[in-house]
Amino acid sequence: MGGRLLLQEYPHQGHIFPKAIQRFNMQGACSNWVEIDLSAIRHNLHVFQDVAMESGARLMPIIKSEAYGHGLVEIGRLLDQEGIWGLGISEIEEARLLRQAGVASSLFLLSGFPVDAVGEVIRLNLIPGICRIVELNILNSYCARKGVKGQPVHLKVDTGMGRLGFSRARFLEIMKMKASWPRLDFSGIYSHMPVADMPSDPFNMAQLMSFNSILTEASRAGWHFRWIHIANSAGFIHFEAARYNLVRPGLGIYGVYPGGTGQDILDLRPAMSFKSRIADIRRVPADTPIGYGHTFYTKRPSRIAVVPVGYDDGFMRSLSNRAEVLIHGTRCPVVGRICMKALMVDVSCLSSVNSGDEVVLLGRQGAESITIDELAQRAGSISYELMCLLGRLNLRIYL
Ligand SMILES: *Cc1c(COP(=O)(O)O)cnc(C)c1O
């Protein structure tokens, strides 16, 4: 196919090719690629750190789900050097990969652990969030058998997410029984905010009040938690009262605003771009149907470029006839349905355009840019989902 990216031709210097490259052969390796700007990630982390420091809070950046498509190990290694409290993950396997890569930071399991992985929790030196009593039982007996003392755990309370965590009543019962788990150090308590990206929703303040009242009750009973956390990116940005002494930003670290708001509060830079090259261009007369289902007919004599990006690459089919891409710094519409491995773009507005020319599907080209929020909106999705898909399904190049 014409216009494929040859890695040897790739213009940027100093990039790293991650393991993903091994999935492709080097000759004409990949048509499409995701660029991750590590300096943007570092910048965003510092922005969060500066604000957190004012509130006396430490940072637990969240790198689950392949660091939202940005690369678990690459981002984990970068953040490991940045004086964070620790990293938030959701799988034991993620911990294994991070430890293998030399990441020494605390690793926090956001959603507990499968009981048969208890040995890994200890071996990999993890701090589990606890959502079920069985986790306390199994962890305590494992620690007793191995002679481990003071294994830290954070109890999760559900204050309105309706997902994981103990109810207030259950939490209080557990704390009354905490002598039953003498090997464990109940060093933290946490919860999660379901509507913080809608800051005017009164539920947010109600939730913080109910979390506070649990904390007050705990402290009256003489239970002291060293680490208290509830804020995701949106909670951190919009609610100072949600910061406590530890915060768990994910999305913001990657330079994206939850719910698309907060630009006036933090200056974040998006880290991910998605690019390709034109595979072929054809001149067609007016009234030519384009693609599966003939959902688009040219209105005039047109030039149609084929770009080797499809839904298999995470460019969701719901973007058919909706997305725009950048070519020569100009917005051009995607026309017809997005295929598995191709999409069509009307490039009639460009004066000279050739196979091999760069196509930006996400990110900046010249003075124009396409944001993840724009794409997500056009796809009927959210930034999180699109970043996960694009980052996981494409070769990642680190700048
Ligand atoms: C994913 C996750 C976060 C991060 O949320 P963002 O909206 O990406 O900042 C924080 N806490 C928990 C428990 C999570 O699962």
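**Exercise 1. In which helix does S383 lie, and which residues does it touch?**

Solution. The model is predicted, so local features need pLDDT of at least 70 and side-chain atom pairs count only at pLDDT 80 or more, whereas totals for chains, interfaces and linings use all residues. Residues are numbered from 1 along each chain as its sequence is written, and side-chain values use heavy atoms, with hydrogens and water left out.

Step 1. S383 lies in helix α11, which covers residues 383–393; helices here are DSSP runs of H or I with at least four residues, strands are runs of E with at least two, and both are numbered from the N terminus.

Step 2. With a relative accessible area of 4%, S383 is buried, a term that means under 20%, while exposed means over 50% and partly exposed lies in between, using a 1.4 Å probe and protein chains only.

Step 3. Leaving aside residues up to four places away in sequence, S383 touches L251, V256, I372, D373 and A376, where a contact means heavy atoms within 4.5 Å.

**Exercise 2. Describe the setting of Y384, and state whether it is buried, exposed or partly exposed.**

Solution. Step 1. Y384 also lies in helix α11, and its relative accessible area of 31% makes it partly exposed.

Step 1. Not counting residues up to four places away in sequence, Y384 touches Y68, L251 and P258.

Step 2. The C-alpha atoms of Y384 and T371 are separated by 12 Å, and these two residues are 13 apart along the chain.

**Exercise 3. Which residues come nearest to the ligand, and how much of the ligand does the protein bury?**

Solution. Step 1. There are 13 residues around the ligand, and K64, Y68, S233, L251 and Y384 come nearest; a residue is counted if one of its heavy atoms lies within 4 Å.

Step 1. Look next at the polar contacts, which are pairs of N or O atoms within 3.5 Å. An N or O atom in the side chain of S233 is 2.5 Å from an oxygen atom of the ligand. For G250, a backbone N or O atom lies 2.8 Å from a ligand oxygen, and for L251 a polar backbone atom is likewise 2.8 Å from an oxygen atom of the ligand.

Step 2. The ligand taken alone exposes 390 Å², and the protein buries 93% of that, with areas from the Shrake-Rupley method and a 1.4 Å probe.

**Exercise 4. Where is N44 found, and what does it touch?**

Solution. Step 1. N44 is found in helix α1, residues 38–54, and at 0% relative accessibility it counts as buried.

Step 1. Setting aside residues up to four places away in sequence, N44 touches G252, I253, Y254, G255, D267, L268 and R269.

**Exercise 5. How many helices and strands does the chain have, and what share of its residues is buried?**

Solution. Step 1. The chain has 11 helices and 20 strands.

Step 1. Buried residues make up 55% of its 399 residues.

Conventions:
A polar contact is a pair of N or O atoms within 3.5 Å; within protein, one must be able to donate a hydrogen and the other to accept it, and residues adjacent in sequence count only if both atoms are side-chain atoms.
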